[in-house]
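Please keep the sequence and the structure in view while reading.

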Amino acid sequence: MMMAVTLLGIASCITDPEFKPADISVSTTTLNFSAEGGSATIELLSNRDWKLEVVGEEVTWLAVSMISAEASETSREIRISTLPLDGVTRQATLNFRTETVYASVRV
């Protein structure tokens, strides 16, 4: 009986090596494009599944190569492209979200 209690006590002190807090990061937080438009690449690293949320009015001038992905131990390359400027200056925020944390890129 004493041995079972001891083993139970030891097992309760062991932490799960697979558990890590949710984390997501991007290689840059701001992208600026000329009036001609263009494209740029960012690196995104997330240990949780994530999806993209675009914040801005009528963001039809912006394209993103990946809008969601599963968790990964290696960073993912995401291409962001813009159409040429048609008059008014524009901006949008790309929020790459997990269930609990997010990383933003302002375009």
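**The open sheet and its surroundings**

Four strands form an open sheet in the order S5-S3-S7-S8, and their pairing is antiparallel. Strand S5 (68–69) and S8 are the edge strands with a single partner strand each, so one side of each has no neighbour in the sheet. The model described here is predicted.

**The chain as a whole**

- The protein chain contains 1 helix and 8 strands, and its elements follow one another from the N terminus as α-β-β-β-β-β-β-β-β.
- Of its 107 residues, 25% count as buried.
- The accessible surface amounts to about 7,700 Å², and carbon and sulfur atoms hold 55% of that area.
- Among the contacts in the chain with a separation of 6 or more, 59% are between residues 24 or more positions apart.

**Strand pairing**

- Strands of a sheet pair through backbone hydrogen bonds, in either a parallel or an antiparallel sense.
- S3 and S7 are an antiparallel pair with 5 bridges; here Glu 53 has Asn 95 in S7 as its bridge partner.
- S2 and S6 also pair in the antiparallel sense, over 7 bridges, and the bridge partner of Thr 41 in S6 is Arg 79.
- S1 and S2 run antiparallel and are joined by 3 bridges; Ser 25 stands opposite Leu 45 in S2.

**The salt bridge**

- How many salt bridges does a search of the whole structure find? The search finds 1.
- Side chains of opposite charge can pair when their charged atoms come close.
- In this structure, the side chains of Glu 53 and Arg 97 form a salt bridge, with 2.9 Å from N to O.
- Because Glu 53 belongs to strand S3 (residues 50–55) and Arg 97 to strand S7, the pair ties together parts that lie 44 residues apart in sequence.
- Glu 53 is partly exposed, with a relative accessible area of 34%, and Arg 97 is likewise partly exposed, at 30% relative accessibility.

**Asn 95**

- Asn 95 is placed in strand S7 (residues 93–97).
- Is Asn 95 buried or exposed? Asn 95 counts as buried because its relative accessible area is 8%, and the cut-off for buried is under 20%.
- The side chain of Asn 95 makes a polar contact of 2.5 Å with the side chain of Ser 104.
- Leaving aside residues up to four places away in sequence, Asn 95 touches several residues, including Lys 51, Leu 52, Glu 53 and Tyr 102.

**The nonpolar core**

- In soluble globular proteins, nonpolar side chains tend to be buried together.
- The largest nonpolar core here has 21 residues, and Ile 80, Leu 94 and Phe 96 have the most contacts inside it.
- At least two residues of this core come from each of strand S1 (24–26), strand S2 (38–46), S3, strand S4 (62–64), strand S6 (76–82), S7 and strand S8 (102–106).
- S2 supplies the largest share of the core, with 3 residues.
- Which residues does Phe 96 touch, not counting residues up to four places away in sequence? Among them are Ile 24, Val 26, Ile 42, Leu 44, Trp 50, Ile 78 and Val 105.

Key:
Residues numbered from 1 in each chain as written. Predicted model: local features only at pLDDT ≥ 70, side-chain atom pairs only at ≥ 80, totals over all residues. Heavy atoms only, no water. Buried < 20%, exposed > 50% of the residue type's maximum accessible area, 1.4 Å probe, protein only. Polar contact = N/O pair within 3.5 Å; in protein donor to acceptor, adjacent residues only side chain to side chain. Contact = heavy atoms within 4.5 Å. Salt bridge = Lys/Arg side-chain N within 4 Å of Asp/Glu carboxyl O. Areas by Shrake-Rupley, 256 points an atom, 1.4 Å probe, with all protein chains shown as cover. Core = buried A, V, L, I, M, F, W, Y, C linked by side-chain atoms within 4.5 Å. Pairing = 2+ DSSP bridges.
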